[in-house]
There are 2 protein chains.
Amino acid sequence: MINANKKADGKADVRMHNTAMALRAILERGPYSRAGLAKELGLTRATASSIVADLIGAGLVVESELEAPKKGRPGMLLKINPEGGCAIGVDLNVNYVRVVCADFGARVLWESKDPSSPLDPQPIILERTERLISRALEFGAGRGLRLLGIGVGLPGLVNRKLGVLDFAPNLKWRDLDLKNPWAKKFKAPLFVENEANAAAMGEYYFGAAKGAAGFVYLSVGVGIGGAVMMDGALCGGASGYAGEIGHMRVDPNGELCGCGRRGCWETEAGPSAAVRKVKARLEEERGGEVPAGLPGSPEDIDFPSIARAAAEGDALCREVLAEVAAGLGQGVASILNIFNPDMVVIGGEILEAGPYVMPLLKSTAMENALAQAARGAVVTESLHGPNACAVGAAALVLDEIYNRPILPEKME
Amino acid sequence: MINANKKADGKADVRMHNTAMALRAILERGPYSRAGLAKELGLTRATASSIVADLIGAGLVVESELEAPKKGRPGMLLKINPEGGCAIGVDLNVNYVRVVCADFGARVLWESKDPSSPLDPQPIILERTERLISRALEFGAGRGLRLLGIGVGLPGLVNRKLGVLDFAPNLKWRDLDLKNPWAKKFKAPLFVENEANAAAMGEYYFGAAKGAAGFVYLSVGVGIGGAVMMDGALCGGASGYAGEIGHMRVDPNGELCGCGRRGCWETEAGPSAAVRKVKARLEEERGGEVPAGLPGSPEDIDFPSIARAAAEGDALCREVLAEVAAGLGQGVASILNIFNPDMVVIGGEILEAGPYVMPLLKSTAMENALAQAARGAVVTESLHGPNACAVGAAALVLDEIYNRPILPEKME
DNA sequence: TAATATTTGTTTGTTCATTAAACAAACCAA
DNA sequence: TTGGTTTGTTTAATGAACAAACAAATATTA
């Protein structure tokens, strides 16, 4: 009665990420015949054929020769052609701009990162980003890869459809249209998404959460941001804002958070909590003496330096990291109870201290979640690490292609 | 490329609740012409006509005479015909079974509730429920209303597609097929859903959350259960379990919860917290003397009695309810931050003390959520109160009809 | 008053994703 | 040789939607 295919201007934009994802996952885990593909997707052979036809036509999927110790007629085996094209992923963040060039197999072929500052004026940052993108494009062209599109991840409220950044609090940017100018400038399809959502997309398509029915991506950095994906679709929240999971209150008597409340999760258990605790205890326990691995002056202590000190064996830092891990694990347990996902993927700065955080985080989460919620759930680290957002941005492009293959001449 | 309309056996079942909901909301808020409807829905007049054609054919929408101080040709005005049929909603819960008969305008025409006990054997409870359903059917038939279907809300893990209750921890039931036997017995389409999800559906279609893009329904009773709806679709969670939001940890040093952890939200701030606190303070402050409105013996104190005592002016009960309200508000603030919904709807036992809980709950939630998350969000009480689940179950039927009108002869 | 513009609902044809069913090709086993 | 099985394609059909044209009924304007 009421159908879901709509024109671009229609309101409903229910996307079949699941089918696209399934297609991608199946093709990735080995060559399949059209018939095998159809069986996996629950579609007819005719439909499966028509879906891959476009991908084959675009050179993104190739047929290899038969190799069939089976019964019937040998089929043509299909597999992804990584050389079929490349997608550019842009992670335009507060402190840096990172650009990757990924092939159609989602392998990062090239990456580059420029430091940045929220104090720099917007045009400067944009110009710097454009230069990085151009270099990525040159790299792709040098490899002879067709440009499939450009994806951009931004730390703020994004209008996905229009490709506009509505508001980025940490950058203090407002109403910035990226899609139109950049699509024109680089002559490629352009996709814009919130950073956490983009990273989640990357983990879903090509990372730790590959094919998960429902999962939560947590970006544990200065803040704790989250993105929720259910049945292959991003649950964006009413205003499209990424889940501000970090401001879940975990202790009514906790520390004061930047948001003005007390005991927010990101203040109690994030990297900033680690920094605060280390500084306080250095003062208190060692009278300001700085252990190996940490910067000379206490003001310069940041999370990476704590991670280094822990790696070098500092007991205080390891202790603090364990506390942080436990706090994060408790929060993840709540998330398991609330969302009941298949998987929780942890990304962000916290992974720099992965060995001292993740084991305890995982065990705490599993032990403290309800049995039904924990059963079958997996808590794990991001596969893309610091590249998560950029790779995810590139994944936006590939997702689009799996959903509706864009043939060269039909690109608009 | 990849389409969302699937046959019943297909895996993807993306439903256009939004369009169905829009249709219902538009028709409800006044008579519309086909053209006006089309404009509201963003469809062509032809498409809108074809959608309502089936509803008109089934007698669920009627045309009224023109009344047009407009410009062009006067149109036939369409409106919902409440008399077009009835849906039966069943709330099969732990302590009671409630059945309602709602007309196509979602008005509850008849309701009945039988007390029940989880100790009763399953066949007894089912037989009791069937008797209630039969009475509801008789009522509907007596009113001359065509039976559109039966919806059932259950407190547990439900397989929506098969209409099977997989597991209900509080009832200790497992693998109960309700759809097939009841659909056959009552000769009507049957829909089964988790209780919180059903209630959310009811609020979305016919209650406080009418047409909200994203909202969270909280059932605050013995436990705190939740259901999340985004873009008109229920976010079921990986295993379809309703969000166990009640086990979000809000205080690491809190009370021991039934789940074995400390400081779960439902233990810190739910009705059970109110009961515990009142009992403790009666002991401590008044030496066991029981104030007006409360049962004679402290063991018999339950949440409704506290609500009554508060209504009669008891200061202790009011104080405890205020504390509970603040705790609930804090949790709702977290929910606003996490999900960024348009709306949070509170239902369940807690509403019996509504006047002493809701104002403080609302203000606490709004003040403690992030500004971006709180802006535009509304926290409000369920419109259906104790009927929420049963009305929601009936809404399942109406939802199905709005999505794909079932013509009498095509019922299967 | 006549002509024109506006709005409504229908009809007719088209598109698009998909299925169902029929085929032809290729292979294996008895 | 004769089936049986699997594969990929072709053909026709379906169902939801749109576009465009049309006829009817009203309002506005010349």
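The structure is a predicted model.

The sheet of chain B is open and consists of five strands in the order β5-β4-β3-β6-β10, with mixed pairing. On average, neighbouring strands are turned by 15° against each other, direction ignored. In general, the strands of a sheet pair through backbone hydrogen bonds, in either a parallel or an antiparallel manner. Strand β6 (residues 147-154) of chain B runs parallel to β10(B), and five bridges join the two. Within this region, B:G153 stands opposite B:E193 in β10(B).

Helices accompany the sheet. Helix α4 (residues 122-142) of chain B packs on the sheet and touches β3 (86-92), β4 (96-103), β5 and β6 of chain B. The direction of α4 makes about 20° with that of β4(B). Helix α5 (residues 179-186) of chain B lies across β6 and β10 of chain B, and runs at about 145° to β10(B).

Another packing involves helix α6 (residues 195-206) and helix α13 (residues 388-403), both of chain B, whose axes are 7 Å apart and form an angle of about 70°. An angle of 65 to 115 degrees counts as roughly perpendicular, and α6(B) and α13(B) are therefore roughly perpendicular to each other. Their crossing is left-handed. The residues of α6(B) that meet α13(B) include B:A198, B:M201 and B:F206, while those of α13(B) include B:V391, B:L396 and B:D399. By class, this contact has 13 nonpolar, two polar and three charged residues.

Definitions and conventions: Residues are numbered from 1 along each chain as its sequence is written. Chains are lettered from A and ligands numbered from 1 in the order in which they are written. This is a predicted model: local features need pLDDT of at least 70, side-chain atom pairs count only at pLDDT 80 or more; totals for chains, interfaces and linings use all residues. Axes are lines fitted to C-alpha atoms, for helices over the stretch in contact, and angles run from 0 to 180 degrees between N-to-C directions. Helices (H or I, at least four residues) and strands (E, at least two) are DSSP runs, numbered from the N terminus. Angles under 35 degrees count as roughly parallel, over 145 as roughly antiparallel, 65 to 115 as roughly perpendicular and the rest as oblique. A crossing is left-handed if the near helix is turned anticlockwise from the far one by less than a right angle, and right-handed if clockwise. Two residues are in contact if their C-beta atoms, placed from the backbone, lie within 7 Å. Ala, Val, Leu, Ile, Met, Phe, Trp, Tyr, Cys and Pro count as nonpolar, Asp, Glu, Lys and Arg as charged, and the others, Gly among them, as polar. Two strands pair if DSSP finds at least two bridges between them.
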